[in-house]
Amino acid sequence: MMPSRYTAPTAMAVADGWTLARLTPPSRLHGANGITTGADGRIWVAQVPASQVSAINPDTGAVEVISPMGGDIVAPDDLAFDDHGNLYLTEITLGRVAVRSPDGRTRVLRGDIPVANPITWHEGRLFAGECRIGARLLELDLAGGAPRVILEGVPMANAFQVGPDGKLYVPVMGANAIWRVDLATGAHEVVAGDLGVPDSVKFDAKGRIVSTQVASGEVLRIDPQTGQREVLANLGPGLDNVTFVGERLFVSSINGSITEILAPGSVRPLIERGLQWPLGIAAAGDGSVFVCDGVFGYQVDRTAAGPEALRLAAMVFWPGCPGYLRGVAAGAATGEWVITTGLGAVALYRPAEGASDILASGFDQLMGVDRAASGLVAFAEYGAGCVHLFEGSEVRRLAAGLDGPMGLALLGDEVIVAEAGAGRVTRITASGATETLAEGLGRPEGLCLRDGQVCVVDTAGKRVLAIDPASGCVTALASGLPVGTPPGVVPHFLGPIGDMSGPMINFAGIACDPEGTLLIAGDAEGSVLALAADPA
C-alpha cells in the first residue's frame, strides 16, 4: 500500500537554536474531487492537484494509491466504472477521457473534450461532459470514434448521473440549477433552481437526488418529481461529489475531506479536511496569517488544533473573491490582503467584506507578491520571467529575463527574488540592474526577510536557507522538509481549468511573523510549518 501523500525522505532537522512545529496537521488526501464506489466496496477518488487516483476503505479510512503522482493519469476530476471493471476518467486540464483496465494499463479514449469533467456509465453506454461555458454533453464511442453530441451550450456541467427514468440529471453550475436531459433528443428542463451552485448529482435507492453545493457547502436531497428539498448536512464550501456504498452516503470536498452522512444533521469524518497544496503565505502586523490554497484561502488560527486551525476566508465561488489564489502579502489595513491570482491579476482582497479590487491584470502566471509600508507593491511574473512594481495606479516592469521568478521581497528600494529555474537568488536595484546574491541552489521558491536576512524555501533541497545579503553567506536553518516534488518523480504540468484558473503550479511560500517565526507552506503534505528561533 502506497502512502496517499508525499512524506519527506528524511526526518526533519533544524539548526541549533531553532525549533520546528506544524501549525496545521498534514492532509491525508491531496485533494478529493470525483468519487465513485468500486466493486471492491472501496471509495475511489480522483485527485486533480496530485494527478493521482486513490481508493479508501469506507470503514477504516485506509488509503491506497492506485495511480501515483507522475503516473499515466493526469489531473483526474471524475471517474466511473463499467460492468467489466474498466475505470473511465476525465483528465480536466488535458481535455481527455482515459480508461484504465483492471490490469492497470491506461489509454486515452478521447483527447478533444475541453475541460472534460463529468462522466458516468449507464447500461453499457458512457456519457461525459465539459465544465465550461458553452459545454457539451456527449455520448462517447467505446471504440474511440467521434462522440455523439446530446446537447451543447450548457453553462458549466458537472458530475452527473442517469436517473431511474433514463434521463440524464446534470448539475449546471453556471445556471445554479439541476437539469433533466433527454438522452435521445437533448430536450431539457429545470428540476431544481436557486441552489448553492450544484456540482454533483447522484441517486439514492429510493430514486431521490443527492446533490452537493460547492458554494454554500450544503448536501441536498431533492425529490425529482416535486422539487421538494431537504438539507442533509452543511459541510462548508468546496464540496465536490457524492457516492453510495450500499445505502451509506459519502461526500468529497476539494479540501481533501471525505465525510459520511449518517442521517440528516449527523455526519462522520472519514478523512479530515486539510490543505491541498498551500502556496503563498503571509503574516500581518497583528499576527494574523493568511495562506493561499488555490481554490481556497484560509486564515490560520494559531490557538486552535487540528483542522480547526484553518478558518476559511476565501473560495473561488464566493462573491468578491478575486479568483484562484496563489501569492499573498499583508495589505495596509487590518484584514486586507494583496493577492496574486491564477488568472494573472493582482488584487486587494477584504475577506470580511467579501470584496476585492483588481489592481493590475493580464500577466502570465503570477507568483509571489510583497508590499512595502509606503504602499509600493512588487510581484513576480513567472511565465514571462519579469518582476513588476505597482504604485498608485501605474505598473512598471522592473526587470525581465529572469528564470522562473517566484518568491520575492522588498528590501528598501531593491527587490530580492528567487529564480526557481536558475537555482539562484537575485538582487534587483531600483534602476532594474540585477546581481546574483546566492547561486547553486536547487529550486528556490518562497522568499521573505527576517532580521535583515533573506530566507528562502529550496524545494529541491527540501530545506530553508538564510542568506546574508551583504556577504552572500548561506546557512541552512532546516532540512528534510515536506516541500516540493517527491525525489525521483517528474510531476505532470497541470494546465488551466478552462477560464477558472491559469496553470496550476506549486509554489511553496514562506513568511515571517512579527515575532520572527518563519511560516512555511508544506505543499508536499498540505501543512503550514512554523520555524522559530530559540529566544535564549
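1. Let me start with the rings: the count comes to six aromatic pairs. In one of them, the ring centres of Phe296 and Tyr298 lie 5.8 Å apart with their planes at 35 degrees, so this pair is tilted. That label follows because planes under 30 degrees apart count as stacked and those over 60 as edge-to-face. Phe296 and Tyr298 are both buried. Please keep in mind throughout that this is a predicted model.

2. Phe363 and Phe379 are edge-to-face, with 5.1 Å from centre to centre and 75 degrees between the planes. This pair links distant parts of the chain, 16 residues apart: Phe363 sits in the loop between strand E34 (355-360) and strand E35 (366-371), while Phe379 belongs to strand E36 (residues 377-381). Phe363 and Phe379 are both buried.

3. Back to Phe296, whose bridge partner in E30 is Met315. Five bridges hold E29 and E30 in antiparallel pairing. These two strands are part of an open, antiparallel sheet of four strands, in the order E27-E28-E29-E30. E27 and E30 are the edge strands, each with a single partner, so one side of each has no neighbour in the sheet. From one strand to the next, the twist averages 25 degrees.

4. Which residues have the most contacts inside the largest nonpolar core? They are Phe290 and Ile339, in a core of 52 residues. Among the strands that each supply at least two residues of this core are E27 (281-283), E28 (289-293), E29 (296-300) and E30 (310-315), and also E49 (527-533). As general background, nonpolar side chains tend to be buried together in soluble globular proteins.

5. Strand E4 (residues 43-47) is worth a look too. Five of its five residues are buried, so E4 is largely enclosed by the rest of the structure. Ile43, Val45 and Gln47 point one way from E4, and Trp44 and Ala46 point the other way. In a regular strand, side chains alternate between the two faces of the sheet.

6. Now for the neighbours of E4. Strand E3 (residues 35-37) runs antiparallel to E4 and is joined to it by three bridges, with Thr37 partnered by Ile43. E3 and E4 form a hairpin with five residues between them, and Gly41 in the turn has a positive phi of about 80 degrees.

7. E4 is also joined to strand E5 (residues 52-56), by five bridges in the antiparallel sense. Here Ala46 stands opposite Val53. E4 and E5 form a hairpin with four residues between them, where Ser51 in the turn has a positive phi of about 50 degrees.

Key:
Residues numbered from 1 in each chain as written. Predicted model: local features only at pLDDT ≥ 70, side-chain atom pairs only at ≥ 80, totals over all residues. Heavy atoms only, no water. Buried < 20%, exposed > 50% of the residue type's maximum accessible area, 1.4 Å probe, protein only. Pairing = 2+ DSSP bridges. Core = buried A, V, L, I, M, F, W, Y, C linked by side-chain atoms within 4.5 Å. Axes fitted to C-alpha atoms, helices over the stretch in contact; angles between N-to-C directions. Phe/Tyr/Trp six-rings, centres within 6.5 Å; stacked < 30°, edge-to-face > 60°.
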